[in-house]
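Hi,

Here is the structure I promised to pass on.

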Amino acid sequence: MVTKAAKAKFLPRQLISGFFKSNFERWLARRIPKRQEHQLNRRNIMIYPSRFGMAYLGFVILVFLLGTNYQNNIILLLSYLLASLFISVMLHSFYNFSQIRFFSLAKQQGYADDTLSFAIKITAEKIHYDINAHFTDRTLNSNIETVEQCQRGSQEFSLRVKSSQRGKHFLGRVTIFSEYSLGLFKSKTVLDFGHYVIIFPKPRRLTLAQYQCSAQEDSASIESYHTANLVGTDDFCELKSFVRGESRARTAWKQLAKGQGHFSKHYQSSQNQLQWLKLSDMPSDELETKLAYLSFLIGEFTTSNQTFGLQLSANIDNSTNTTNTTNTTNTLLNIQPSSGINHQQACLTALALYQ
Amino acid sequence: MIFFNTKVNQQSWGIKQKASSSFYLSRKNSWLLWLCQCLNVAVIGLELSTWMLGIISLALAWQAHLLHQSRDSVRNKKQLKTAKQPGPRQGTRQSKHANNNQNKPVSPIILAVFALLGCLAIAITAKQVGILVSMLHLLCFSYVLKAFEVRSRRDFYQLLLLGLFVLAASLIFRQDLTATLIILTLLVLNLAVLHQLFSYQRKFVANVKVIIMLLTQSALLAVVLFLVFPRLSPFWQVPSAKSAATGLSDTVKPGDIANLTRSTKLAFRADFGQQAIPAYSQLYWRAMVLEDYDGRQWTRQKRFASNKIPGAKIKAFSFDVSKTEVSPLTYQVVAEPSYQKYLFALAPAVAIGDSSGIKAQAGYTFNSTKMLSQAKSYQLSSYLTAPFGVELSQKSKMANLSYPKNSNPRLEQLALQLQHNYVDVMSRAQAVLTLINKENYAYTLQPPLLDNNSLDQFFFDTQAGFCVHYASAFTFLMRASGIPARMVTGYLGGEYNGINDSQQADNTGHLSIYQYDAHAWSEIWIEGKGWLRIDPTSAVDPQRVDSGWSTRLLQEQSALNNDLLSLYQMKNIKWLSALRLQFDALDYQWTRWVIGFNNKQQYDLFKHWFGKMASWKLALIMAVSLVVTMAILMLFLHLLNQPKKKSRSLTKWQRIYQKSLTQLAKQGLDKPVAMTVNDFSKQVRRECPELAIVFTRLSASYNCLCYQPLSAAKQEELTLAMQHQYQHFIHAMKRSA
């Protein structure tokens, strides 16, 4: 009963705060829309007295009371001076904060547990003081970056985040605030750069032996998982015109004899099998571990400049049996063999987003 | 090399930075804060007890010691760090953290014990020193103790506000211009220390400048607030300031006033407005009438105070204006805080204008109803030559004739002799003065000490004294010879400060009366003439009465005083004297308009500006003026902060090109900012073919001038050519139109 009553009490409150929150969010979205570049102005600066500001006001009232009770004009004058200082500090605070430009790219990606930094570029036309920034979402545990003195021109600082969970995460807005000139006021803005991170699974080292013991009887592909000597010597692949310095042993004598030109033979290790990295092949029962292995392999393959494809769907062989819908997902989850940095990024992104 | 991470699912976000609000003050800032504390306490130091000052200076010294220690540790740390990290910025960061860590806080237990002991001491002495002073003790004590535990920003803020409050509290005791300027300077310093927190890369001087600018901008609003904000009456009773009373006292012994004259403090000021100031020898500022003599000292009579009937009796004391034909002299007196009640007047006088808080006393003096803890201003009308106190009650007569028999036998004998020789009262008094003048009497600030304040000894043996000696002896002689007489203390003369233009009779100055102008004289009562002022000092040192202190007296005073700048030097070094007078004039205006600004003056000001009005109109004016001031402030700051337009002056060819562009714009051809000159000329060719040739030529020359390195002569030539082309262009425009 007690808990129920408490719940009943608690619920509407939550509802109300939720209502206000969502309304506030909507208002913010209208007021400060998502952009890569923001300039601070009347529209997006919020300015309000800090706690010290409130304490200061109380103090001014105290001085006023002192002056009134002692009928002392000088103390009264002091209290008036302090009160009007409050107002001019507000204006100074505002002008110190306005007209700064902030620029930041929305996307960052990296492995889990790596520190990712969002660079934010400040462009200023005059000197600004005490500019602080952090992610509005305090659960991100990001740092508060402080620029003590923001010189004329541009400069950069970065906000760092770190995540241990793979996937795509939206980071929300960035709070930028300043308490410059006396700390009585907090000028604040919450800018939306549309920041998000894509966190790849943290790579986990995989050795030949491991793969062997847990892999299905899929004998052909073993060596390729090994990291050394990746350009293989097994199967003939193509003829390329001879480049000076290449081994004579590789010369395609047949073609040379026919007078078709000087070619050398190139080989590659069993591409048919090995160009596909399959999720289902990974030696683990746990999905996250499998993805971690894949992440490692993708890295290795890219550094050794191999061509590979990524197959996350288990059912690629039986694609004839599957329905249309799964087919489409399969094509999304399977990445055709290729190589290079972009390919690596695409593969890792696929891993990160894998459900 | 097998790695198997056991923790697979780590849900939370990383960077477990400790959310320690790493607050630290840079060393420079800490020292500045310390300095601020010292100065703030010094301002109020005079009001504190000696033991409290001792404790405070002990605490401050301890603080300084801690700061000094932290420097050594930082230095050691720095040396270690620099070996590891040569980066300058990182280095400072590190050392600051080191500072934070190294600065071992004083153990809270020690602090608590210290605080407890201090509070106990304050509580014990509270009865003795009064509430206000013990409150101040508490304030200052907490102010210096708080400095030991500045760990977070909040502590720093608290410390700062406490400091500002100490400054405000010190204004309870002193409000003159000097004190106000000192407080203002300290306010700037305190705020600059606060400001340093937010821009510590800047120099402290730059921060001071910012604060001065901020305060200047705030000043306008503050002044408007001061003028229009309603003056409220006190909300509750507060303990009044009990400072050491200055000036004259209720009892006078021979030698008292001579001590007072060592002080160069201001006693009061008098402003006669446009009227001519009376001669120096007429300026007998009456403060107290002393009628009781016990053989040692003169005291105020208590009897009138004890059994007075309100109304009728008080009327009897005050001067009746209707019976005199003497034209009044109206003036304003601004009395400095003396922590006493008596006020100053040229007898006989009546209070005019706002006479609240002023009470006429017996003996034609005035008292304030409250102790003077602030400057008090009041207006009086004096009838200098009119006789006063013509009717004397029997009781009063008796009081003014009584003296302790056999207290000064030789004087009594002399008095009997005089009574016998001179029947006429006036000639009897004159005889005494002549006696003093003829005999070898000396007027000195250092009279020889008298046994038991014996007047006999003074009059017949030492024959050297200051005004009280002569006035006492004279009054005693008069009483002994059967003439009602009494002693009056007050001030004589005053220093005129202002332009005294005798031709235009336009005085714009005031009299400043200092403590060294303190004086004592006597009054005798004559049937039909009333009380008559007789100053025996005039018989011994006429210059004192006619124009002020003689050079000899000034030198004597300088010898007695060990001030940095003695009065003698002040009066004799010309530029110093001029400076002093200037400052005095400024201080007078300050006292009059700022310290003395009250409800009535505020109301008068409004009436002067806006005419008579209802209270709602007043409120409206207040509100409107505040809003307008704020708007002005905002506008001013807005203009100040507007991004500066590049005020680079355009060259001649640029101006020509701009002119042609505006001509084209009139035709409906606008050049987008991003478009190049060549592209635009192409567009012109397309849209108005008749202008094509002239404009293309113009554009070509413009391009040449802008982008080709040309010699000055060539440039000029081309500019001239461009001017011609522009004229052709205008012609073509006209033709096409």
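Let me start with a helix pair: the axes of α2(A) and α3(A) come within 8 Å and cross at roughly 160° (axes are lines fitted to C-alpha atoms, for helices over the stretch in contact, and angles run from 0 to 180 degrees between N-to-C directions). With over 145 degrees counting as roughly antiparallel, α2(A) and α3(A) are therefore roughly antiparallel to each other. Residues of α2(A) including A:Y56, A:L57 and A:V60 meet a set in α3(A) that includes A:I75, A:L76 and A:L78; contact here puts C-beta atoms, placed from the backbone, within 7 Å. That contact divides into twelve nonpolar, three polar and no charged residues (Ala, Val, Leu, Ile, Met, Phe, Trp, Tyr, Cys and Pro count as nonpolar, Asp, Glu, Lys and Arg as charged, the others, Gly among them, as polar).

A word on conventions: this is a predicted model, where local features need pLDDT of at least 70 and side-chain atom pairs count only at pLDDT 80 or more, while totals for chains, interfaces and linings use all residues. Residues are numbered from 1 along each chain as its sequence is written, and chains are lettered from A and ligands numbered from 1 in the order in which they are written.

Helices (H or I, at least four residues) and strands (E, at least two) are DSSP runs, numbered from the N terminus.

α3(A) turns up again between the chains. The contact takes 56 residues from chain A and 51 residues from chain B, and α3(A) gives the largest share of the chain A side, 17 residues.

Best wishes

Conventions:
Contact = placed C-beta atoms within 7 Å. Parallel < 35°, antiparallel > 145°, perpendicular 65-115°, else oblique.
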